[in-house]
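Hello,

Here is the structure we talked about.

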Amino acid sequence: MNPVKLATQLIKEKLPDVEIHTTNFPGGGNHEHVGLMVISDAFEGKSLLQQHRMIMDILREALREQIHAVQLKTMTKKEFQEKYQD
Amino acid sequence: MKEKIESLIKSNDVFLFMKGDKEQPMCRFSATVVSILNQLETDFETFNVLEDMEMREAVKQYANWPTYPQLYVKGEFVGGCDIIVEMFDKGELESVIKG
C-alpha cells in the first residue's frame with residue numbers, strides 16, 4: 001500500500017474525528033516522504049511534542065519499513081479554522 | 001548503551017542526534033535543524049547515527065521516538081525537525097535554549 005494511504009488509514013483508525021491533508025514528497029530512491037496535516041480535537045490541551053508523539057506512536061510499526069520519513073503538522077479543529085479558513 | 005546515550009546528552013546543553021554531522025548533514029531534516037541551530041548561534045554537539053547501527057536503534061528506543069534528527073536541550077528531549085521548525089518560527093526554541 002502506498003505510504004500516504006497507509007499513514008492516513010492508521011491514523012483514522014485511532015482518531016475517528018480526524019481530518020487529514022496529505023502530500024508526498026519524493027525522497028530519493030524508492031522512498032517517499034509522507035507529509036501529513038492532522039486535524040483533531042484529540043490534540044486539545046496537549047503540547048506540540050505530545051501531539052506529535054500521539055501520531056508517531058500510531059505510525060511506529062509502519063515507520064520501520066513502509067514509511068521512510070514523515071513530516072507532521074498537528075492542530076485542533078479550531079486552530080485549523082483560524083489559520084487556514086476564511 | 002543507555003549510559004553512553006545519557007552521557008552524550010549531558011555533554012552539552014544542546015545535543016543533536018542526526019544523520020551526518022554539522023559540516024555535512026546527510027538528510028534534509030537533519031540539515032534543517034543544523035541550519036536553525038546555526039542561525040541561533042548556539043553552541044551544540046552532534047552524534048552521527050549513520051556511523052553506528054546499534055546506537056541508531058538504541059537512541060530511538062531511549063527517546064521513544066522513531067525518527068531522526070532528535071534534539072535534546074539541557075538533557076530533555078525537545079523533538080524532531082517539524083517541532084523544532086515550528087518552535088523556531090514562534091520564537092520558542094530560542095527561549096528553551098537560552099532560558
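**What I found**

Start with helix α2 of chain A. In α2(A), the buried residues are A:Leu48, A:Leu49, A:Gln51, A:His52, A:Ile55, A:Met56, A:Ile58 and A:Leu59. Buried means under 20% relative accessible area, exposed means over 50%, and partly exposed lies in between (1.4 Å probe, protein chains only). Helices (H or I, at least four residues) and strands (E, at least two) are DSSP runs, numbered from the N terminus.

Two notes on the basis. This is a predicted model, in which local features need pLDDT of at least 70 and side-chain atom pairs count only at pLDDT 80 or more, while totals for chains, interfaces and linings use all residues. Residues are numbered from 1 along each chain as its sequence is written, chains are lettered from A and ligands numbered from 1 in the order in which they are written, and side-chain values use heavy atoms, with hydrogens and water left out.

Now the length of α2(A). Its twelve residues, 48–59, should span 16 Å at 1.5 Å a residue. The expected span is 1.5 Å times one less than the number of residues. The end C-alpha atoms are 17 Å apart, which agrees.

**Where the chains meet**

Chain A puts 16 residues into the contact and chain B puts in 14 residues. Contact means heavy atoms within 4.5 Å. About 1400 Å² is buried between chain A and chain B, and carbon and sulfur atoms give 55% of that. Buried area is the accessible area (1.4 Å probe) that two parts lose on being put together, summed over both. Of the area that chain A buries against chain B, A:Leu48, A:Leu49 and A:Arg53 supply 34%, more than any other three residues.

Five residue pairs are in polar contact across this interface (both at pLDDT 80 or more). A polar contact is a pair of N or O atoms within 3.5 Å; within protein, one must be able to donate a hydrogen and the other to accept it, and residues adjacent in sequence count only if both atoms are side-chain atoms. On the side of chain A that touches chain B, two or more residues come from each of β1 (19–26), α2 and β3 (69–75) of chain A. α2(A) gives the most, with six residues.

**Salt bridges**

Side chains of opposite charge can pair when their charged atoms come close. A salt bridge is a side-chain nitrogen of Lys or Arg within 4 Å of a carboxyl oxygen of Asp or Glu. How many does the structure hold over all chains? There are eight salt bridges.

One of them joins A:Asp17 to A:Lys77, with the closest N and O atoms 3.7 Å apart. A:Asp17 lies in the loop between α1 (3–14) and β1 of chain A, and A:Lys77 in helix α3 (residues 77–84) of chain A, so the pair ties together parts that are 60 residues apart in sequence. A:Asp17 is partly exposed at 30% relative accessibility. A:Lys77 is partly exposed too, at 28%.

Between chain A and chain B the count is one salt bridge. B:Glu86 and A:Lys73 meet in a salt bridge at 3.1 Å, N to O. B:Glu86 also forms a salt bridge with B:Lys90, at 3.5 Å between the closest N and O atoms. B:Lys90 and B:Glu86 both lie in helix α4 (residues 81–90) of chain B, four residues apart, about one turn of the helix. B:Lys90 is exposed, at 51% relative accessible area. B:Glu86 is buried, at 10%. Shared partners join A:Lys73, B:Glu86 and B:Lys90 into one network of salt bridges.

Best wishes
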